[in-house]
Amino acid sequence: GASSLSGLFGVDYHADYSDRNGLVWNSNFILSVGTSSIAGTKYNRKADDRLQIESLVGKQINPFWKFSGDVKFRTQLFPGYRFFTENGEEKRTRTTQFFAPAQLQSGVGFYYKKTEEFWINLSPMTARVIYVAKKFTRDIPDGTSYLGVDKGQNSKFFLGFSVNGYYKVQPMDNVTVENRFNFYSNYLNNFKNIDFEINTIVRLKVNEIISGTIDLHAIYDDDVLQKLQFKELFGMGILIEI
C-alpha cells in the first residue's frame, strides 16, 4: 500500500420542461474532475475527468410513450498519460487531451417515462461520431486504430441502435441509488458486439451538510477499446442541493 491524497469536484444538473401539448425537453449536465497524489510517485494521477451533456426532446403519443430525438456529447478536460519506468526513472507520455477523444451521438426513436424515478429511450437509428487529434493517429501502425479512429484520420462515423435510461431507488432513509445505463450496437461493424456504459451512484446523506458518495462506473466499447474499464470512487464531502 501507499499513502495517497485525492480531491474530487462534481456537478450533476438536470433541467426538465413539459407543456400541456405533450412536448417534453429533458437535459442533463455532468462535470466530474479529480486528481490523486500518491506517495513516492513523481506525477499526479487522474481520479476522474468527464464532461457530459445530454438533451432529449419528445412528443407525446400516449400518457407514457413519446416520439423522441436525443443528442449526447462527451469529452474530457485535461490530458491523459501513460505512465512507465525507464532506467529507474518514472516517465509519462501523453495519450489524450481536451476534445481528443470527444464523442457525439444523436438518434431518433421512442421515449418511455412513467415516473421521475424511471425512464428509458429506444433509438433504432443512432449516429455516433468519435473525434480525436490527428497527431495521435499519424504514427500508429498500418491496419490499427486509435480509440476507434483509423490511421491518419481525426474522426470516424458509426450507425447503430441504442438503448439508454435512468432509474432511481431509495432502499432506506438518507440513502439513494441512481443508475444510468447506455447500450449501443453498431450496424456497420460487429453488430453482435454490444457497447455499454453503466454508472451507479450511491448517495449517503449524513445530515443537512455532510454527505457520502460511492460512484461505480463501468464502460465497454468494442469500437474504441476492447477491454472492460471500471472505476470506483468513495468520498465524503459537502452536499449542496439546488
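Which residues line the largest cavity?

I am working from a predicted model, in which local features need pLDDT of at least 70 and side-chain atom pairs count only at pLDDT 80 or more, while totals for chains, interfaces and linings use all residues. Residues are numbered from 1 along each chain as its sequence is written, and side-chain values use heavy atoms, with hydrogens and water left out.

**Cavity.** I searched the whole structure and found one cavity of 30 Å³ or more. A cavity here is a set of points, on a 1 Å grid over the protein atoms alone, where a 1.4 Å probe fits but cannot get out; lining residues have an atom within 4 Å of a point. I noted a volume of about 80 Å³ for the largest cavity, volume being the space filled by probe spheres set on the points, which are joined across faces, edges and corners.

**Lining.** I list Arg74, Gln103, Arg128, Asn182, Phe183, Tyr184, Asp195, Phe196, Glu197, Ile219, Tyr220 and Asp221 as the lining of the largest cavity. By class I get five nonpolar, two polar and five charged residues (Ala, Val, Leu, Ile, Met, Phe, Trp, Tyr, Cys and Pro count as nonpolar, Asp, Glu, Lys and Arg as charged, the others, Gly among them, as polar). β12 (175-186), β13 (194-205) and β14 (210-221) each give the lining at least two residues; strands are DSSP runs of E, at least two residues, numbered from the N terminus.

**Strand pairing.** I took two strands as paired if DSSP finds at least two bridges between them. β11 (residues 155-172) pairs antiparallel with β8 (residues 118-131) over 12 bridges, and Ser162 of β11 is the bridge partner of Ser123. β11 also pairs antiparallel with β12, over 11 bridges; there Phe161 stands opposite Ser185 of β12. The β11 and β12 hairpin has two residues between its strands, and Asn174 takes a positive phi near 65° in this hairpin.

Terms used
On a 1 Å grid over the protein atoms alone, a cavity is a set of points where a 1.4 Å probe fits but cannot get out, and a pocket is an open set with protein on both sides within 12 Å along at least five of seven lines; lining residues have an atom within 4 Å of a point. Helices (H or I, at least four residues) and strands (E, at least two) are DSSP runs, numbered from the N terminus.
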